[in-house]
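Visitor: Could you walk me through a structure I have never seen before? I would like to take it one question at a time.

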Amino acid sequence: MNDFKNLYEKLIEYSGTSAYPFHMPGHKRQMMFMENPYRFDLTEIDGFDNLHEAGGILKEEQERAARLYGSEETHFVVNGSTGGILSAIGGVLQRGDRVLVARNCHTSVYHGLELNGLCPVYVWPELDGQTGIYQGLTRGQIEKELEKYSDIRAVIFTSPTYEGLLSDVKGICEAAHQRGIPCIVDGAHGAHFLWAGLPDAVACGADVVIQSLHKTLPALTQTALIHINGSLVNRERIRKMLSVYQTSSPSYVLMASISQCMTWLEQEGPEQFERYKRQAGELRKRLANMKQLYLYEPRADFDWGKLVICSRNVSGREVYDCLREDYGLQMEMASAGYILAMTTVGDSPEGFERLAEALETIDFELQRPGAEAKRRGAMKIRAVRGNGTAPEALAMSERCMEIDRAVIRPTEEVPLEKAAGRVMGDYLYLYPPGVPMLVPGEVIQMRHIEQVKNYLHQGLEVHGGYSKESGNVKVILHHG
């Protein structure tokens, strides 16, 4: 008997379980009713416009989105923020340009650097030494680099970060604009900020802002917006790149989801976000009483909907697995010392209650002498701190060639333990969140090797130039 279930069957089966999503997408599988999508999955027929040359209903929809977000120009994106980021980088910059880039940007930014042959100058955000979480960038950090390099053509950074921390977007944009330099903000996780009472990157003066609707709002996966403002960027060129990096047959199902999301924001957004903010605040207040687990509370502005749950004595992966396997709660991600629970306006009071009860129970168990987590039987808790592999291992990598040169060089695979001194031939990153530890052209150091080994020990997934089957990493064959 064939027990094979195809993807659709597996999805239907999973959706019928009691598993609760504290992860993307923001609709949490319980908002925004849509009819059978096959009924309106069509192509560019008369009366339904063309996304790449919008002049009818899609033009009107994009203008509505611009009004909602206070943007001068907004476009629908149907392959996620990645498509918007690639379009922004390709539209704003020219091959060989020097660009100031936050080192904690998503891999899609690095792919944009690679595809356009750009020369990055990295600015390193402050790193929380206890958790390994990057903080937001300050105006002073950006000004320092802009004073050192007079030929910077754009500033690219992420705000909010995956963990919900914010940069000083307004101050950074002011500093850059004084020098005639545009700012591209990866705001993929901030599409909800206007309604959440948080500083939105468009309102803060960014020239190009890319936001994923599906991450934090009730919209289908892959839906995003790109906002364009001011006169420092070539808008026509960005529009051209949007047609390059998006399919020539954009999904009307996805565009309808964007449209429905905009209508929901207009009609229900303010009231629903008030409810959400109140419930999230109550949850945070309740979880503040935990002892062995604790909520990460940044010093400055942050997205209060992102629950970064740190552990004092156990790995984030163990807490993550315990929540999933014992309580049916699926988190967004696990890191070495914390987990991320993404809450959104789509969460239910019942979901919040389940999470609170589960975390309180786990916290209580961890307070027992010789604590053991109940995860399919007793599982001994491992201490993971003080093992000599601090988060600083990710910082200040030596670069010996630009990314676009490195990716075309011949490569070979060598054991991770023997890779010190070699040059990366691929990206090396945890996913999520997709921030590279090393990029092509950077030198592998012992601290990088120890960091990767520590991640693997915690059961985390290392992607890109690392093979979990062989334990090898991809390095450039010859360099010099």
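Here are some questions and answers on sheets, helices, salt bridges and a surface patch.

Visitor: What kind of model is this?
Guide: Keep one point in mind as you look around. The structure shown is a model, and the kind of model is predicted.

Visitor: Which strands are the edge strands of the open sheet of seven strands?
Guide: The order in this sheet is E2-E8-E7-E6-E5-E3-E4, and the pairing is mixed. Neighbouring strands are turned by 20° against each other on average, direction ignored. An edge strand pairs on one side only, and here that holds for strand E2 (73-77) and strand E4 (119-123).

Visitor: What separates Arg139 and Glu143 in helix H5?
Guide: These two form a salt bridge, with the closest N and O atoms 3.2 Å apart. Arg139 is partly exposed at a relative accessible area of 23%, and Glu143 is partly exposed at 21%. Because they are four residues apart in helix H5, what separates them is about one helical turn.

Visitor: Which residues are linked in a network of salt bridges?
Guide: The salt bridge count comes to 28. Some of these contacts join into a network, whose members are Glu72, Glu73, Arg235 and Arg239.

Visitor: Why is helix H3 largely enclosed by the rest of the structure?
Guide: Helix H3 (residues 80-92) has 13 residues and reaches 19 Å from its first C-alpha to its last, close to the 18 Å expected. Its buried residues include Gly80, Ile85, Leu86 and Val92. A residue is called buried when its relative accessible area is under 20%. H3 is largely enclosed because its buried residues number twelve of the 13.

Visitor: Which residues of E13 are buried on one side and which on the other?
Guide: Strand E13 (residues 338-342) is mostly covered, with five of its five residues buried. In a regular strand the side chains alternate between the two faces of the sheet. In E13 both faces are covered: on one side are Tyr338, Leu340 and Met342, and on the other are Ile339 and Ala341.

Visitor: Which residue in E13 is the bridge partner of Val308?
Guide: Strand E10 (residues 306-311) runs antiparallel to E13, and five bridges join them. In E13, the partner of Val308 is Leu340.

Visitor: How many residues lie between E12 and E13 in their hairpin?
Guide: Strand E12 (residues 333-334) pairs with E13 in the antiparallel sense over two bridges. Ala334 stands opposite Ile339 in E13. In the hairpin that E12 and E13 form, the residues between them number three.

Visitor: In the open sheet of three strands, which order do the strands have?
Guide: Strand E17 (residues 428-430) pairs with E19 in the antiparallel sense over three bridges, and in E19 the bridge partner of Tyr429 is His463. This open sheet has antiparallel pairing, and its order is E18-E17-E19.

Visitor: Is Ile45 buried or partly exposed?
Guide: Ile45 lies in the loop between strand E1 (20-22) and helix H2 (57-69). Together with Leu42 and Phe48, Ile45 makes a nonpolar surface patch of about 230 Å². Its relative accessibility is 40%, so Ile45 counts as partly exposed.

Conventions:
Residues are numbered from 1 along each chain as its sequence is written. This is a predicted model: local features need pLDDT of at least 70, side-chain atom pairs count only at pLDDT 80 or more; totals for chains, interfaces and linings use all residues. Side-chain values use heavy atoms; hydrogens and water are left out. Two strands pair if DSSP finds at least two bridges between them. Patches are made of residues with over 30% relative accessible area and no salt bridge: like charges are joined within 9 Å, nonpolar side chains (Val, Leu, Ile, Met, Phe, Trp, Tyr) within 5 Å. Accessible areas come from the Shrake-Rupley method with a 1.4 Å probe; for residues, only the protein chains shown count as cover. A salt bridge is a side-chain nitrogen of Lys or Arg within 4 Å of a carboxyl oxygen of Asp or Glu. Buried means under 20% relative accessible area, exposed over 50%, partly exposed in between (1.4 Å probe, protein chains only). The expected span of a helix is 1.5 Å times one less than its number of residues. Axes are lines fitted to C-alpha atoms, for helices over the stretch in contact, and angles run from 0 to 180 degrees between N-to-C directions.
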